[in-house]
Amino acid sequence: MLILKLAWRNLFRNTRRTVLTVTLIALSLTALIITDGMVIGLIELMTGNVTHILAGEAQIHRKGYLDNNDADMFINDPGPVIGKIKSNETVLDYAPRVMSGGMVTSSYNVAGSMIYGVDAVREVAVSKIKSAVIEGHYLTGGDQEIIIGGPLAELLEVSLHDRIVLTTAEASSGEISQALFRITGIFEFGLPELDENLVFINLAAAQRIMVMDHGIHQIAVRFRNPEDAKNRDNDLYKDIGNNDIEVLNWLEFSPQIAAMIEMSNYVTLVTCIILFFLAALGIINSMFMSIYERIYEFGVVMAIGTAPGSILKLVMLEALLIALISSVTGNIIGYFASSWFEANGIPVGEFEISSIVIDSGIHTRVVADQFIRYPIYIMLLTLVAAVYPAVFAARITPSEALQRSL
Amino acid sequence: MDNIIVTREVCRYFGSKDTQVKALDHASIEIQRGEFTAIIGPSGSGKTTLLQLIGGLDNPSSGQVLLDGTNIADMTGTTLSDFRRDHIGFIFQAYNLIPVLSAEENIEYIMLLQGIPAAQRKGRVHEMLRLVDLDGLGDRRPSQLSGGQQQRVAVARAMASQPDIILADEPTANLDSKTGVALLDLMRTLNEEHNMTFVFSTHDEKIMERARRLIHLQDGRVDSDQLK
């Protein structure tokens, strides 16, 4: 107990230095918590953009469909697949889709486009098409309904209720197929790649013009718990995937986002290493200054019988106390700072990553793990950084230390 | 003869060949249990070096240092630390005490190292404070004590571990002459009442007068050994 008291009081011999050291370590911890929260926020934003806007958390296609989006690679009889999806309790909902490249023609202009035939009811639970509609109304199942992106409408010089013609190919024969549609809604996801290129029509209409009967190209799936999408042991992947049909999660059908996430994790790691390195230098410097100031005193206490091991323990105990104070301080500052950034976002201007526009700041995420894992890292770092000064102190020779001027 | 300290032909050299300094040059002394001995001599005569060798704070270049028959030159590391803790008490010129601990805690510290139970420690702390006439000042930090009081706490700490020998390196050097003499009188009283062996260095003549035996060092050699 006296040793603990001694270590504690030693911290306040030079309060300013201790405060500076604690501040350095605490702010490093705060920076780590914010960086981690920012990376999690960024990843959530990116994955949310990928999975929740349109693509879903998993997709089911004919094997190889994603390689070149061949219209003839459709699932002719989706019934059994849908049956298996419905029986999977981890699935929140699913949305069957027909997709084909085509041409959109207005009275004034023509543009290439990706035509999505969607189930207007099921899509609501899987994608954000409905909520992206900014003008007119969402699909209701009508045969000639079409909703198009704002930029595409501008290009075609059309507005609500105008007529446009879709030209595509029949799925099996490849014959040209055309149909007239009336614009019932204008959407904007805020993602140029989608707003400039996509049009949505009702599933039945798409199946009709592409002569697919009940066939579909894709089923987008949304899970109750998004983490289930990454679990390849989920029955959805095992039961449905076979030689002809593949089930891919978003990490697999959006490898560029998966790569971005991996890179983000490296960013955290590199930030961690840099902060740890700087903090470690600060700790070593501070501990050495503290030891140099006390060399004579160490000489005295060693002379009266303090073993080198006890000196080592004392210095390590001082480091542990610094680490504890820093961790508590860093956690408190980190919590409030990260919570503030979670609510208000970190202003980073407007930028685009993999066609995802970030213009409302990066909102950090406050996760309990950050307040356990990083303080433990910080404490371990502090103790590791203190080993060198502690060993130095333990190796002090009393006779030499006693000759030091005071 | 109960010799507690014996040095035989002890030499201590510092530096290498060309710049070698002989701090001690074949110094041999014998001190009996319960003696009150002053090692005297001018600055650079080897007083501190001899005390450090006797206290196991340094190793001789040659010769033997025997404490109660044990050659401490053979000891290293924790064994040596433990030996010092249990057998030798130290008093230095100044800054003897741990500044962040109170007088009581400074005295208790050495007993904590010895593993003495808390209740026994507390009792002995109060006894030591009474012996050095610092009753009521135990909760004061060193900075709240005068130089003389600090040295008395150092004496109390040195005695608290109940060592065989107390070595004091110029304990009065930083004190005014009156306080220095008072400290020596205290040490002398403790020596007489508790039969504790005291060896101290000094070059202050008033302090020398209090010693029973004077070992005079000159250029690292024992120049004279006078029993009063």
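# Burial, shape and strand pairing

Me: Does Pro398(A) count as buried or exposed?
Reply: This is a predicted model, in which local features need pLDDT of at least 70 and side-chain atom pairs count only at pLDDT 80 or more, while totals for chains, interfaces and linings use all residues. Residues are numbered from 1 along each chain as its sequence is written, and chains are lettered from A and ligands numbered from 1 in the order in which they are written. A residue is buried if 20 or more other C-beta atoms (placed from the backbone) lie within 10 Å of its own, exposed if 12 or fewer, and partly exposed in between. Pro398(A) has 24 C-beta neighbours inside 10 Å, so this residue counts as buried.

Me: Which residue of chain B does Pro398(A) touch?
Reply: Pro398(A) lies in helix α16 (residues 398-401) of chain A, where helices (H or I, at least four residues) and strands (E, at least two) are DSSP runs numbered from the N terminus. Contact requires C-beta atoms, placed from the backbone, within 7 Å. Leaving aside residues up to four places away in sequence, Pro398(A) touches Gly299(A), Met302(A) and Ala303(A), and in chain B Leu57(B).

Me: How many residues of chain A are in contact with chain B?
Reply: On the chain B side, 23 residues take part. Helices α2 (77-87) and α3 (103-114) of chain B each supply at least two of the residues on that side. The partner residues in chain A number 21.

Me: How far apart are the centres of domain 1 of chain A and domain 2 of chain A?
Reply: An automatic or database assignment supplies the domain bounds. Domain 1 of chain A comprises 2-50 + 258-401, and domain 2 comprises 64-242. Taken over C-alpha atoms, the separation of their centres is 50 Å.

Me: What radius of gyration does chain B have?
Reply: The C-alpha trace of chain B spans about 50 × 40 × 40 Å along its principal axes, and 47% of its 228 residues count as buried. A compact globule with 228 residues would have a radius near 17 Å, which agrees with the value for chain B, 17 Å.

Me: Which strands of the open sheet of chain B stand at the edges?
Reply: The open sheet has four strands in the order β2-β1-β4-β5, with antiparallel pairing; two strands pair if DSSP finds at least two bridges between them. β1 (residues 3-14) and β4 (residues 62-67) of chain B, for instance, share five bridges. An edge strand here has a single partner, so one side of it lacks a neighbour in the sheet, and the strands in that position are β2 (21-32) and β5 (70-71) of chain B.

Me: Which residue in the turn between β9(B) and β10(B) has a positive phi?
Reply: Strands β9 (residues 213-218) and β10 (residues 221-227) of chain B run antiparallel and are joined by six bridges. Arg213(B) is opposite Leu227(B) in β10(B). The two strands form a hairpin with two residues between them, and the turn residue with a phi of about 55° is Asp219(B).

Technical notes
Two residues are in contact if their C-beta atoms, placed from the backbone, lie within 7 Å. The radius of gyration is taken over C-alpha atoms; the globule rule is 2.2 Å times the number of residues to the power 0.38.
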